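Thank you all for coming.

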Amino acid sequence: MEKIPYKIYLEEQEMPTQWYNVRADMKKKPAPLLNPETKKPVTLEELSHIFCAALAKQELDDQTPYIDIPEEIRNFYRMYRPSPLVRAYCLEEKLQTPAHIYYKFEGNNTSGSHKLNSAIAQAYYAKKQGLKGVTTETGAGQWGTALSMACSYFGLDCQVYMVKVSYEQKPFRREVMRTYGAKVTPSPSMLTEVGRRINAEFPGTTGSLGCAISEAVEAATTQEGYRYVLGSVLSQVLLHQSVIGLETQTALKKYGIKADTIIGCAGGGSNLGGLISPFAGEMLRGEADYEIIAVEPASCPSLTRGKYAYDFCDTGKVCPLAKMYTLGSGFIPSANHAGGLRYHGMSSVVSELYDQGLMTARSVEQTEVFKAATTFARVEGILPAPESSHAIKVAIDEALKCKETGEAKNIVFGLTGTGYFDMYAYQKFNDGQMSDYVPTDEELAKSLASLPTV
């Protein structure tokens, strides 16, 4: 076999020309989105009031396995794709493990993350529809940064509601968005009706993705020529992010490598779903078998401690209901450094795959996450984002298990982005001021008690 290089680069012609829709291969489909008023499945017309028409169509399509990527989007992808699959030789040596560790690196663009894969697609469809602009929320700021770049490229107005704690902790991420022309507002704000209501109900709140989503949806639906776009959770987003998994598949096949364990960090599901979808598709079709591990923060453990039920996707309860693993739409996580992994629920697609037993889930505490991040940075030369570092933590754990058993497993994980805008978090860790927070059963029971009756 040809010696495996440090980085497996694909040729331009090996970049995907189609997105993969894993729902098409699922015999038991994810439950449909429901209209919050009628409790009936949302229609294309209803969804098109919130999302661009083409994106609403993608959201509801659970039958088409492959969807063509428009050439205009592929032209933008060529700026930073295909992204490399990297063999972590130095980390293997540090751990003294017989395991082979690979990571798919998505941080080689200005947004510093995988989020650009869907941002450019959503901005493209908004422009094609003739809209003036789009509204969105952002947690750690990666999605907002990516969307501001995409909107700048297509000449669209971009309005971002940024979770207040991240707005304050990550001023440079905020300024990158503003540099690309976006208007950035800390959420919850006093600019929207739902923001004022949340501030009154939770005085002094540091915000959550659920809060910011509510504000962004209200902003979109009250301005003519605007639509709402989302960076995670939705099926359309996992569809766009499937380029990650498709490229990973191609790179592994190029050198005859069979993945044994595939690991991704899990917040709303965009990175995890994008990475694992093509591999899950092989499992669903009976073509292969993999161990897939979702890694989430112990401070926001939707898969490991949540309930699989219909819930609102936002704190303000204005969005459609989705069946997902959830902690309750009113759950507001602690002001920790899990970044974009602080969403109260999980993608319906990921939730259904998890419920069917196609993957397992683990929750990890943030001090252990940053220990793993530091180990990785010191030997692999990339400062990882806090989100990505959740996957790094479990990849290291799995590699150390191989050290004990002598198994030479092939471990693949998603390195979703870089942490150069997360230095406040690294400072807290380096100064020994970082602590762990795990919600109590009582706290979770309280937030879950508000689940809607469906």
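Predicted model: local features only at pLDDT ≥ 70, side-chain atom pairs only at ≥ 80, totals over all residues.

Is arginine 305 buried, partly exposed or exposed? Arginine 305 is partly exposed, since its relative accessible area is 26%, where buried means under 20%, exposed means over 50% and partly exposed lies in between, with a 1.4 Å probe and protein chains only. Residues are numbered from 1 along each chain as its sequence is written, and side-chain values use heavy atoms, with hydrogens and water left out.

The side chain of arginine 305 meets that of aspartate 441 in a salt bridge at 2.7 Å, N to O, the term meaning a side-chain nitrogen of Lys or Arg within 4 Å of a carboxyl oxygen of Asp or Glu. Because aspartate 441 lies in helix α18 and arginine 305 in helix α13 (residues 302-305), the pair ties together parts that are 136 residues apart in sequence. Aspartate 441 itself is exposed, at 56% relative accessible area.

A second salt bridge joins the side chains of glutamate 106 and arginine 81, also at 2.7 Å, N to O, and both of these residues are buried.

Glutamate 71 and arginine 74 form a salt bridge at 3.8 Å, N to O; glutamate 71 is partly exposed at 41% relative accessibility, whereas arginine 74, at 8%, is buried. A network of salt bridges links Glu12, Glu71, Arg74 and Arg78.

Technical notes
Helix = DSSP H or I, 4+ residues; strand = E, 2+ residues; numbered from the N terminus.
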